[in-house]
2 protein chains.
Amino acid sequence: MKAYVLYSGGKDSSLIAILLKRIGVHVEFVTANFGVYESYIPASKSAESLGINHNILNLDKNILEKAVDIILKDGFPNNGITYLHKIVVENLADLANENNFSTIADGTRRDDRTPKLDKSEIQSLEDRKNIQYVNLDSFGYKTIENLVSNLFEINIEESNRDNSSDYEVEIRYLIDNEKNINSKDLFPKHFQTRVIGLR
Amino acid sequence: MKAYVLYSGGKDSSLIAILLKRIGVHVEFVTANFGVYESYIPASKSAESLGINHNILNLDKNILEKAVDIILKDGFPNNGITYLHKIVVENLADLANENNFSTIADGTRRDDRTPKLDKSEIQSLEDRKNIQYVNLDSFGYKTIENLVSNLFEINIEESNRDNSSDYEVEIRYLIDNEKNINSKDLFPKHFQTRVIGLR
């Protein structure tokens, strides 16, 4: 059994990967990139620290532009990020089919709201793409905190464009450099948790 | 981190246990018993084959009688079994609190309908009992089949009172022996999958 895990270098996507690996699944990481900024580099370093192969899924810049349009129209990022995530997952399923991976996974968890596939979207994805989809719905917030702090060495820093592989990085790069808008007004400051190895 | 896993000896509850164990959780099994029949014995054998400690949670026969009343009134078992499962999970949470286990788990999965706690019931349970609850919601049917067949040696037999630790065994025993009703009319014949070791 082979699984592609959508990867940001964060604790949630690291957890689902290690969990699958420990029960015998061949796991590889995949980070989406829209050709705007090399935002996959932090994820790549985290992947290396876990000894798991890391792949880049190159997607069209138009997809990112559509997400940015949604975010600028809304004045907040949630719907644009959800739009992006769903397209990334669809493309991850295609990549899995191409390379004979039976399964795709992401680090969304029971308590997450966005970006997240609901039950009917999961069912639709699995049926249309003939793929198996896995996430962290088994676990609540507290359990994930406990598991993560037992499993991983973590680095916590204020988020910036070079320590994060979240969708946010390329979204903000595009807004700041092509839209003449300061993305700081749309994205609150936050801390970035990046996995830097197993304990 | 310590977790009690509600255990039938079946593949789903075995999977959640092994999964937690492999990511560093101290796991023990618990099987509920209502004092009507020693239905925990098959689960006990499965637990031993996995090298995981097995505990019996002794509950009042009244709870089983209430479930049987529901089943006989409905003419089918789903609601009665769901009633029973929810009470068992509440009592498992109390046992966990008594013994300083932070977490309880069961083998219900994304595609299950009954017996299953929905999201709001999980939230309520965790809040009221100050407990963490885990299940197999991360995974769909196909993924669980694949994981299980890679992980476990399985024994498949037509279900009977002495090869299963499902709620069904004590429910049927009570119906057959105290209600003068043949429980065969309420429960369809089915095959019992019992874990007999790791591959």
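Analyst: In this predicted model, the rule finds 2 salt bridges across the interface of chain A and chain B. In one of them, the side chains of A:Arg110 and B:Glu126 meet, with a distance of 2.7 Å from N to O. This pair crosses from the loop between β4 (103–109) and α5 of chain A, where A:Arg110 lies, to helix α5 of chain B, which holds B:Glu126. Both A:Arg110 and B:Glu126 are buried. For A:Arg110 the relative accessibility is 5%, and the residue therefore counts as buried, the limit being under 20%. A salt bridge also joins the side chains of B:Arg110 and A:Glu126, again with 2.7 Å from N to O.

A:Arg110 has a further partner within its own chain. Its side chain meets that of A:Asp111 in a salt bridge of 3.9 Å, N to O. A:Asp111 has a relative accessible area of 36% and is therefore partly exposed.

Across the interface of chain A and chain B, 16 residue pairs are in polar contact, both residues of a pair having pLDDT 80 or more. On the side of chain A that touches chain B, four elements each supply at least two residues: α1 (11–22), α5 (119–129), β5 (132–136) and α6 (141–151). Of the elements, α6(A) gives the most to this side, with 6 residues. Sorted by class, the side of chain A that touches chain B consists of 12 nonpolar, 8 polar and 8 charged residues.

How many residues of each chain take part in the contact? In chain A there are 28 residues in contact with 28 residues of chain B. The area buried between the two chains is about 2500 Å², and carbon and sulfur atoms give 53% of that area. Within chain A, the residues that lose the most area to chain B are A:Ile23, A:Arg110 and A:Ser138, which together account for 27% of what that side buries.

B:Asn135 is found in strand β5 (residues 132–136) of chain B. With a relative accessible area of 1%, B:Asn135 is buried, because the limit for that class is under 20%. Leaving out residues up to four places away in sequence, B:Asn135 touches A:Asp137 and A:Ser138 of chain A, as well as B:Ile16, B:Asp106, B:Thr108, B:Lys116 and B:Ile122 of chain B. The side chain of B:Asn135 also reaches the backbone nitrogen of B:Asp137, at 2.9 Å. B:Asn135 and B:Leu15 are 120 residues apart in sequence, whereas their C-alpha atoms are 10.0 Å apart in space.

Helix α5, which holds B:Glu126 in chain B, also contains B:Lys129. B:Lys129 has a relative accessibility of 17% and so counts as buried. Beyond its neighbours within four places in sequence, B:Lys129 is in contact with B:Glu90, B:Ala93, B:Asp94 and B:Asn97. In chain A, A:Lys129 forms a salt bridge with A:Asp94, the closest N and O atoms being 3.0 Å apart. This pair links distant parts of the chain, since A:Lys129 is in helix α5 and A:Asp94 in helix α4 (residues 78–98), 35 residues apart. The two partners fall into separate classes of accessibility: A:Lys129, at 18%, is buried, while A:Asp94, at 31%, is partly exposed.

The chain behind this surface may be described briefly. Chain A has 7 helices and 7 strands, and from the N terminus its elements run β-α-β-α-β-α-α-β-α-β-α-β-α-β. Its radius of gyration is 16 Å, which agrees with the value near 16 Å that a compact globule of 199 residues would have. The C-alpha atoms of chain A fill a box of roughly 50 × 40 × 30 Å along the principal axes. Of the 199 residues in chain A, 53% are buried. Among its contacts between residues at least 6 apart in sequence, 77% join residues at least 24 apart. Over all chains, a search of the whole structure finds 34 salt bridges, of which 2 lie across the interface of chain A and chain B.

Methods
Residues numbered from 1 in each chain as written. Chains lettered and ligands numbered in written order. Predicted model: local features only at pLDDT ≥ 70, side-chain atom pairs only at ≥ 80, totals over all residues. Heavy atoms only, no water. Contact = heavy atoms within 4.5 Å. Buried area = accessible area lost by both parts, 1.4 Å probe. Salt bridge = Lys/Arg side-chain N within 4 Å of Asp/Glu carboxyl O. Polar contact = N/O pair within 3.5 Å; in protein donor to acceptor, adjacent residues only side chain to side chain. Nonpolar A, V, L, I, M, F, W, Y, C, P; charged D, E, K, R; others polar. Buried < 20%, exposed > 50% of the residue type's maximum accessible area, 1.4 Å probe, protein only. Rg over C-alpha atoms; globule rule 2.2 N^0.38 Å.
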